[in-house]
Amino acid sequence: MKMDADYSRATDGATGATLTVLGLETSCDETAASVVRLSAAGAEVLSSVIHSQIDDHAAYGGVVPEIAARSHVEMIDGVTRRAMSEAGLDWSALDGVAATAGPGLVGGVMVGLSYGKAAALARGLPLIAVNHLEGHAVSARLGAETTYPFLLLLVSGGHCQLLEVRGIGDMSRLGTTIDDAAGEAFDKIAKAMGLGYPGGPALERLAASGDGSRFELPRALLGRKDCDFSFSGLKTAASRLAQTCETQQDRADLADAVQKAIARQLAERTERAMKAYAEAHEHRLFVVAGGVAANKTIRRTLEDLATKHGFAFLAPPMAYCTDNAAMIALAGAERLEKGLTSDIDVAARPRWPLDETRASVDPVHKKTGRKGAKA
């Protein structure tokens with residue numbers, strides 16, 4: 001596997017060894033800690049504790065970075081202590097500490113990463129800085145024994161990407177959103193419909209009683225032959241239609257139309273990636289991960305697509321679709337197994353593409369100052 005500046009090879013690795021890692025996640029509005037044990041038999045989640053900030057942000061209709069960071073400061077120690085207690089372990093049983101180092105709201109990322117650094121220093125443990133997206137990429141391995149490589153659709157509130165995953169730290173971007181992510185479209189359309197926060201689950205519940213055939217929504221990028229996504233046109237059109245809804249049934253019908261339109265675009269672009277992937281791989285496994293993977297309509301649509309093209313289908317257990325620390329602990333354990341650790345001065349990153357080479361030479365979003373490529 002290739003290495004980057006965020007990691008050094010401290011040892012030759014410990015392939016096949018049993019590793020127990022504490023994971024910390026503070027990239028957005030959940031303060032989470034988890035202990036995961038990785039062995040030859042697979043990954044075992046010994047504890048997973050999540051403190052949600054939904055109530056803190058509901059009045060604002062979205063996440064307020066300053067409020068999120070303050071809450072992480074207040075909660076990180078207690079959440080970590082609870083995770084260790086529920087795992088039934090003391091610090092001497094750990095082999096490493098993994099913490100999200102980006103991408104995300106950098107104020108929150110700094111809280112978890114700083115706590116992880118302090119814990120690693122105090123206990124003499126290796127530190128592994130984890131890319132939050134890499135955590136999502138391996139999250140399906142928390143529920144089932146999964147071999148590399150696989151085709152991944154990573155679909156969440158801030159990201160929508162298709163990737164070939166050959167192993168930890170070895171991923172190639174096949175397609176990404178050129179504007180909004182699918183989860184962002186869900187949340188902003190739900191907000192326009194007055195459904196509150198978080199919008200995605202509320203829209204899904206409302207769609208269950210709707211008939212989306214009443215509304216015609218735009219289909220993006222139909223003339224392009226790549227695997228990229230675009231949801232901004234859909235978001236704008238649906239938000240405008242939301243202003244015309246007069247009854248609860250109107251809103252339910254629009255919610256159903258939105259959900260089906262997002263599922264359709266995800267399926268159309270994924271189908272293109274599947275055809276290309278199948279030409280190069282006999283082992284055909286399709287994994288969908290990220291918060292939007294919890295949407296039952298989207299999951300069912302993608303599972304049907306996988307069956308159509310001869311792919312095995314896998315998604316994380318529902319508990320590990322949205323942000324959690326178990327996926328961070330697992331990604332950290334897989335890196336530690338390869339002998340990869342981080343220096344104590346590793347920096348928090350607001351942006352951190354999984355495929356940094358592709359993001360640099362073929363950026364979807366131009367670099368902004370020192371933030372770097374977005375996807």
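Reader: Is Asp-355 buried or exposed, and why does it count that way?

Author: Buried means under 20% relative accessible area, exposed means over 50%, and partly exposed is in between, using a 1.4 Å probe and protein chains only. Asp-355 comes out at 8% relative accessibility, so it counts as buried. Before we go on: this is a predicted model, where local features need pLDDT of at least 70 and side-chain atom pairs count only at pLDDT 80 or more, while totals for chains, interfaces and linings use all residues. Residues are numbered from 1 along each chain as its sequence is written, and side-chain values use heavy atoms, with hydrogens and water left out.

Reader: Where does Asp-355 lie?

Author: Helices (H or I, at least four residues) and strands (E, at least two) are DSSP runs, numbered from the N terminus. Asp-355 sits in the loop between strand 12 (340–341) and helix 11 (356–361).

Reader: Which backbone nitrogen lies 2.9 Å from a polar atom of the Asp-355 side chain?

Author: That of Arg-173. For the general idea, a polar contact is a pair of N or O atoms within 3.5 Å; within protein, one must be able to donate a hydrogen and the other to accept it, and residues adjacent in sequence count only if both atoms are side-chain atoms. Gly-169 is worth a look too: its C-alpha atom is 8.8 Å from that of Asp-355, although the two residues are 186 apart along the chain.

Reader: Now the sheet. In what order do the strands come?

Author: Two strands pair if DSSP finds at least two bridges between them. Here 5 strands make an open sheet, ordered 4-3-2-5-6, with mixed pairing. Strand 4 (42–52) and strand 6 (127–131) are the edges, each pairing on one side only. From one strand to the next, the twist averages 20°.

Reader: How many bridges join strand 2 to strand 3, and which way do they run?

Author: There are 7, and the two strands run antiparallel. A hairpin of 4 residues links them, and Leu-19 stands opposite Leu-38 in strand 3. Strand 3 and strand 4 also run antiparallel, joined by 10 bridges, and their hairpin has 2 residues between them. Glu-30 faces Ser-52 of strand 4 there. On the parallel side of things, 4 bridges connect strand 2 (residues 19–25) with strand 5 (residues 96–102), where Val-21 has Gly-96 as its bridge partner.

Reader: Why is strand 3 called largely enclosed?

Author: Because 8 of its 10 residues are buried, strand 3 is largely enclosed by the rest of the structure.

Reader: Which strands does helix 2 lie across?

Author: Contact means heavy atoms within 4.5 Å. Axes are lines fitted to C-alpha atoms, for helices over the stretch in contact, and angles run from 0 to 180 degrees between N-to-C directions. Helix 2 (residues 65–87) lies across strand 2, strand 3 (30–39) and strand 4, at about 30° to strand 3. Helix 10 (residues 326–337) lies across strands 2, 3, 4, 5 and 6, at about 135° to strand 2.

Reader: And the whole chain: how many helices and strands are there?

Author: The protein chain has 11 helices and 12 strands. Of its 375 residues, 54% count as buried. Among contacts with a separation of 6 or more, 74% come from residues 24 or more positions apart.
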